[in-house]
Amino acid sequence: MNNLLLVPVLAPFLIGTILILFKNHLTVQRWISAITAIGMLGFAFYITYIVYVDGIQTIELGGWAPPFGIVLVADLFASLMVILSSIVGVVCLFFAFQTISKEREKFFFYPFYMYLLAGVHGAFLTGDLFNLFVFFEVMLIASYILIVHGGTKYQLRESFKYVVINVFASIFFIVGIAYIYSITGTLNMADIAVRVAEIEQTGVLNAIAVLFLVVFGMKGGLFPLYFWLPNSYFGPPSAIAALFGGLLTKVGIYAIIRTFTLIFIHDPGFTHNLILILAGGTMFFGVLGAVAQFDFKRILSFHIISQVGYMALGLGLYSQLAIAGAIYYIAHHIIVKSALFLFCGATEKITGTTDLKKMSGLLKSYPVLGWLFLVTAISLAGIPPLSGFFSKFALILNGIEQERYFIVFISLVVGILTLFSMMKIFIYVFWGEESLAEKDKNKPIMPLLAPILPLVALTVILGIGAEPIFSFSMEVANQLLEPSQYINSVLKE
Amino acid sequence: MKTNYLMLHTITRIVALIILSFSVYLFFAGHYTPGGGFIGGLMFACGLLLLYLSFDLNKIQTVLPIDFEKVIAIGLLIGIGTGLNSLLFGDPFFTMYFDTFTIWPFGEVALTTTTPFAIAIFLVVVGVALLTILTIAGDEA
């Protein structure tokens, strides 16, 4: 029993509620939410440390023992995800202070920001399939509000589609939960894992596995269910787009990795090969979309899709090295993608547009912005010694070891196309004749860059310090591949 | 043209009182029998809504100057607080405490920490229902 696990879920929920009471005091709201976000980051590190030293931590809410009661479980993977989402939470919040307009702030921006974090952390930490659904809904409802926040015409149109597709996915989710409950008679993930192992994963359970894959794939942006993502992420302001781009799809990926390393692990020839095929499609079609676009934000949104494919690739290969690569990739992606969206927000603040063809020559007036963007962009593409290289290297190495040459080939092509579209952004935005009006040349951008700097530093650190961080990912993967550890610490057998 | 709402007004005054008190009864019935915070709250909201419907929106707002956004927030805070009190005793979050007390003039009363949680739900339901309806009703366009 460890009540500490509640902090990442409960603190943002409690603070968000308190913030509602300070509706008209924006400075108070900013201070409280900033302190909460930073405090939560500290707690996330502390929890990970405890999990690392003492093993998997659980808490049984209300004192009801599993499989009957609700449990929260923190293993290494979950607590690592909480750290990552807390980092993005802090950074995007500070960026929002600079860029979100007063009108938007007044309408409960910070409370819903906090609720979103509560939902995301809850989804990471829950050990119960139904509560995974509940926390998904908490997260989604907060995201519906943040994505339409501000209510421009474009946002209203696209977020309607976003809401419909997610409600649709949620219906399938609850149907899947009902199926699995009718077969195993339990909702506790550890208990389900035990029962599934007993009754063998045959036809019906494979069908349920595919149903879950469809649901989480829809939320995570897997091929062919990613079509909603680029348009809906284009609408909201960059601080929100960065938070969504960094976090929300990764919650779907987290759920896929959790279910397919804990529950549906007895027929990898079917399920994990299916994931591999989807991963290939996701990478390839996502990056093709990005190559075709000429808008800063849309290119980044399509890249989310192609990158999600790499994470699914790691799960599909299903070995310790590949899953460690996928985990490293998730960490790298959350940091780099959020940073890129924030760079997009910064250039939008300077030029007033996200259309690449309307921008050029920013490098002359804003050299720091330009070079920092370049570092982040080539990190996304996977140039050594930055973080993107090592994550892709592990995946590709393991793909070759397993003789899956076709998917390795696809991922290499995707890497090149990623580099191509990142360079396209850099050339259009930062090179060429300077087209800025005189008044735009000396805008103070240091307050905008300050929140991004830690992210850029992190991608460099993840790259240069790859050895210890990768060995940590290997331990996370090791824990994931031995579900008995998870099961024993939840059921205490 | 001036419309006469005499019958509606007279009946509403009586019926609203009955609905509101029945909702409180339902709320307390909820621990062992059908009822509880959610149903009670919905019915309470319906009673208030009847008042809003038969009288004017502005008139009720001068009589009952309640900010329903705050009602939701306070409800949520009570709810979280009920969970948090177990942390004081070092028990897991949301542990329920239950005991019977003798309180004059009710005699022996069973008190449990789920009651404040039900109050929290009651407040949130009332707040959400009325906030939604009044926002739509107050929309001029």
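Colleague: In which sense do strand E1 and strand E2 of chain B pair?

Modeller: This is a predicted model, in which local features need pLDDT of at least 70, side-chain atom pairs count only at pLDDT 80 or more, and totals for chains, interfaces and linings use all residues. Residues are numbered from 1 along each chain as written, chains are lettered from A in the order written, and side-chain values use heavy atoms, without hydrogens and water. Strands are DSSP runs of at least two residues, and helices (H or I) of at least four, numbered from the N terminus; two strands pair if DSSP finds at least two bridges between them. E1(B) (residues 98-103) and E2(B) (residues 107-112) have 6 bridges, and their sense is antiparallel.

Colleague: Which residue in E2(B) is the bridge partner of Phe101(B)?

Modeller: A hairpin joins E1(B) to E2(B) through 3 residues. In E2(B), the partner of Phe101(B) is Val109(B).

Colleague: How much area do chain A and chain B bury between them?

Modeller: Buried area is the accessible area (1.4 Å probe) that two parts lose on being put together, summed over both. Of the area buried here, 81% is on carbon and sulfur atoms. The total for chain A and chain B is about 1,400 Å².

Colleague: Which residue of chain B forms a salt bridge with Lys23(A)?

Modeller: A salt bridge is a side-chain nitrogen of Lys or Arg within 4 Å of a carboxyl oxygen of Asp or Glu. The count between chain A and chain B is 1. With the closest N and O atoms 3.5 Å apart, the partner of Lys23(A) is Glu69(B).
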